[in-house]
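Student: I want to check the wording used for this model. Take me through the terms and set each value against its cut-off.

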Amino acid sequence: SFACQPPAVILMAGLQGSGKTTTLNTMLTQLAKLGNRKIVSIEDPVEYQVEGVSHLSIQRSVSGDETTNPFKSAMMAFLRMDPDVGMFGEVRDELSAEMALSAIQTGHKILTTVHATSALGVVGRLTSKSLGLLRENVCSPEFISTLVYQVLTPINCPHCKVRAMDVMPALELVEYQKYFGLDVRNIYCASDEGCEHCRKPNIDYSKSKRVGVKGVKVNAEVITPDEEMYVMLNEGKDIEARRMWRSKRTAPFDSPDMLGKEAWGHALYDISQGLIDPYYFQMNFGAPKLFAAAAS
């Protein structure tokens, strides 16, 4: 659907190692398969070679001299190539933020990453002193298409996962029922021992816990602002905008409907399906009671 949208940016946020670039390159791969878009990426360095995408690999300057900054040169080359879609590895300073804004204002669709701790936190990051964009430029449908924040959570090994009722303290487990309405009978934990299907060779597991995991999955919040949210964000009412997003939730936490849910709400759905261990929920997000007010 991004290919059919007007010029704007999809901003992918997350902590280091949360798979942001992998997600963006998956999106680029899908766009490239359509075969009707000219796509260019600028990365420091290029992490994935995607067929159908022109990759510009750069080494960013740390001298502060913008006249010799290779990112600026790559951006000028990008604009001359006039692609339909561009991917910037990361918006992390004033120059890359200004260039992203310039690319969008000249009619390009952009995908990029930014360091922030929530989807709506991206706005505060872009308009901070370190990146320097104006809210009036950022908080509009001409700039923001979609805000995404994601974390990676280990997946319970389906062969050796254990019922949470058998291994978790009852008072700790019941919080997921009390605050979020989850059926504790459907919650599972990763086993401490693992099994032949998930244990990796040549690794000492003797002092480890909850090693029965196989792969990771994304827990994400995906927000496409509406007009009311753009107005709130433009006025600096970020907390009110977050409350408004949460108010859109009508589905319970054991429903796959993610409208109005933040990344922790997505993780709760996976807990309700026995996919992830509550231990890793707390590792990523914190204790369940921290979200009691937001869940009510």
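Tutor: Start with Leu 182. Leaving aside neighbours within four places in sequence, Leu 182 is in contact with Tyr 176, Gln 177, Ile 187, Phe 253, Asp 254, Leu 268, Ile 271 and Ser 272. Contact means heavy atoms within 4.5 Å. The model is predicted: local features need pLDDT of at least 70, side-chain atom pairs count only at pLDDT 80 or more, and totals for chains, interfaces and linings use all residues. Residues are numbered from 1 along each chain as its sequence is written, and side-chain values use heavy atoms, without hydrogens and water.

Student: Where is Leu 182 placed, and why is Leu 182 called buried?

Tutor: Leu 182 sits in the loop between helix H7 (170–180) and strand E8 (188–189). Helices (H or I, at least four residues) and strands (E, at least two) are DSSP runs, numbered from the N terminus. Buried means under 20% relative accessible area, exposed over 50%, and partly exposed in between (1.4 Å probe, protein chains only). Leu 182 has 1%, so Leu 182 is buried.

Student: What makes Tyr 176 stand out in the largest nonpolar core?

Tutor: A nonpolar core is a set of buried Ala, Val, Leu, Ile, Met, Phe, Trp, Tyr and Cys residues joined through side-chain atoms within 4.5 Å. The largest one has 65 residues, and Tyr 176 is one of those that touch the most other members. Leu 126, Phe 143, Phe 180, Trp 264, Leu 268 and Phe 281 are also in that group. Helix H3 (residues 94–105) gives the most to this core, with seven residues. Another core, of 13 residues, lies apart from it, with Val 50, Val 53, Met 87 and Leu 111 among them. In soluble globular proteins, nonpolar side chains tend to be buried together.

Student: How do you know that Ser 41 is not exposed?

Tutor: Ser 41 is at 0% relative accessibility, so Ser 41 counts as buried. Ser 41 lies in strand E2 (residues 39–43). Beyond four places in sequence, Ser 41 touches Val 53, Ser 54, His 55, Leu 56 and Met 87.

Student: What makes the pairing of Ser 41 with His 55 a polar contact?

Tutor: A polar contact is a pair of N or O atoms within 3.5 Å; within protein, one must be able to donate a hydrogen and the other to accept it, and residues adjacent in sequence count only if both atoms are side-chain atoms. The side chains of Ser 41 and His 55 make one at 2.8 Å. A second polar contact, of 2.9 Å, joins the side chains of Ser 41 and Glu 43.

Student: Why does Ser 255 count as buried?

Tutor: Ser 255 is at 15% relative accessibility, so Ser 255 counts as buried. Ser 255 is in the loop between helix H9 (238–247) and helix H10 (263–272). A polar atom of its side chain lies 3.2 Å from the backbone nitrogen of Asp 257.

Student: Which residue counts as exposed?

Tutor: Asn 202 does: its relative accessibility is 83%, so Asn 202 is exposed. Asn 202 lies in the loop between E8 and strand E9 (213–223). Asn 202 has a positive phi of about 65 degrees although it is not a glycine.

Student: What makes one space a cavity and another a pocket?

Tutor: The way out decides. On a 1 Å grid over the protein atoms alone, a cavity is a set of points where a 1.4 Å probe fits but cannot get out, while a pocket is an open set with protein on both sides within 12 Å along at least five of seven lines; lining residues have an atom within 4 Å of a point. Grid points are joined across faces, edges and corners, and a volume is the space filled by probe spheres set on the points. The count comes to one cavity of 30 Å³ or more. The largest cavity has about 60 Å³, and the largest pocket about 300 Å³.

Student: How does the lining of the largest cavity divide by class?

Tutor: Into three nonpolar, two polar and four charged residues. Ala, Val, Leu, Ile, Met, Phe, Trp, Tyr, Cys and Pro count as nonpolar, Asp, Glu, Lys and Arg as charged, and the others, Gly among them, as polar. The lining includes Arg 246, Phe 253, Gly 260 and Trp 264. The largest pocket is lined by two nonpolar, nine polar and seven charged residues. Thr 21, Glu 47, Gly 89, Glu 90 and Thr 113 lie nearest its centre.
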